[in-house]
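I opened the model today to look up a few local features. My notes follow in the order I took them.

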Amino acid sequence: MSDHIALIPARKNSKGVKFKNRILFNKTAEFVKKLKFLNNIYVSSDDEKILLQAKKNNFRIHKRKLKYAKDNTSIKSTITNFCLDKKIKNNTTIWLFYLPITNRKKSDFYKIYSMTKKKNFKSLCTFFKADY
């Protein structure tokens with residue numbers, strides 16, 4: 001059986017709204033704590049204030065190198081660096097939680113978790129209809 005971990009990427013310098021990830025962190029933190037199938041919750045950040053919040057929530061931290069915290073850094077390279085630094089096993093399922101996406105339902109995540117137990121996915125994306 002593979003591990004299921006949450007990864008919350010949270011750069012310090014965000015485009016547009018200054019310190020947006022600091023503002024949005026607690027909502028995501030409270031949500032992921034409700035997902036009992038997760039073996040661990042990690043926060044990857046270059047922001048000391050976010051890492052402090054992660055520690056207060058008993059999350060594991062990944063102090064992101066500045067090279068992986070730039071506007072043009074891909075999420076793929078960020079996740080690859082995280083996996084190498086933390087020695088994440090190949091059969092681990094990583095659940096990615098972007099802070100600006102706040103429209104989440106616990107029941108949806110449990111449905112997807114159930115699907116992952118039946119089929120072996122390499123990746124899975126979910127979408128919802130936007131009201132604009």
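**Entry 1: helix H3**

I began with helix H3, where Thr78, Asn81, Phe82 and Cys83 are buried. Buried means under 20% relative accessible area, exposed means over 50%, and partly exposed is in between (1.4 Å probe, protein chains only). This is a predicted model, so I note that local features need pLDDT of at least 70 and side-chain atom pairs count only at pLDDT 80 or more, while totals for chains, interfaces and linings use all residues. Residues are numbered from 1 along each chain as its sequence is written, and side-chain values use heavy atoms, with hydrogens and water left out.

Helices (H or I, at least four residues) and strands (E, at least two) are DSSP runs, numbered from the N terminus. I checked the length of H3, residues 75-86. Its 12 residues should span 16 Å at 1.5 Å a residue, and the end C-alpha atoms are 16 Å apart, which agrees. The expected span is 1.5 Å times one less than the number of residues.

What covers the buried residues of H3? The cover includes strand S1 (4-10), S2, strand S3 (60-63) and strand S4 (93-96). Contact here means heavy atoms within 4.5 Å.

I then picked out Asn81 in helix H3. Asn81 is buried, at a relative accessible area of 7%. Leaving out residues up to four places away in sequence, Asn81 touches His62, Lys65 and Tyr68.

**Entry 2: positive phi**

Lys87 sits in the loop between H3 and S4. Its relative accessible area is 70%, so Lys87 is exposed.

I also looked at Asn58, a residue other than glycine with a positive phi, near 60 degrees. Asn58 belongs to the loop between helix H2 (48-56) and S3. At 71% relative accessibility, Asn58 is exposed.

**Entry 3: aromatic pairs**

Next I went through the rings. Rings of Phe, Tyr and Trp (its six-membered ring) pair if their centres lie within 6.5 Å; planes under 30 degrees apart count as stacked, over 60 as edge-to-face and the rest as tilted. By this rule I have nine aromatic pairs.

One of them is Phe31 with Phe109, edge-to-face, at 5.2 Å centre to centre and 65 degrees between the planes. Phe31 lies in helix H1 (residues 20-33) and Phe109 in helix H4 (residues 106-118), so this pair ties together parts 78 residues apart in sequence. Phe31 is buried at 10% relative accessible area, and Phe109 is buried at 15%.

How are the rings of Phe37 and Tyr110 set? Their centres are 5.1 Å apart and their planes at 90 degrees, so the pair is edge-to-face. Phe37 is in the loop between H1 and strand S2 (40-45) and Tyr110 in helix H4, so the pair ties together parts 73 residues apart in sequence. Phe37 is buried, at 8%. Tyr110 is partly exposed, at 29%.

I noted one aromatic cluster formed by Phe31, Phe37, Trp95, Phe97, Phe109, Tyr110 and Tyr113.

**Entry 4: the largest pocket**

Last, I turned to the largest pocket, with a volume of about 1,400 Å³. Of its 36 lining residues, Ile94, Trp95, Leu96, Leu124 and Cys125 are the closest to its centre. H3, S4 and H4 are the elements that give two or more residues to the lining. H4 gives the largest share, six residues.

For the record, I used a 1 Å grid over the protein atoms alone: a pocket is an open set of points where a 1.4 Å probe fits, with protein on both sides within 12 Å along at least five of seven lines, and lining residues have an atom within 4 Å of a point. Grid points are joined across faces, edges and corners, and the volume is the space filled by probe spheres set on the points.
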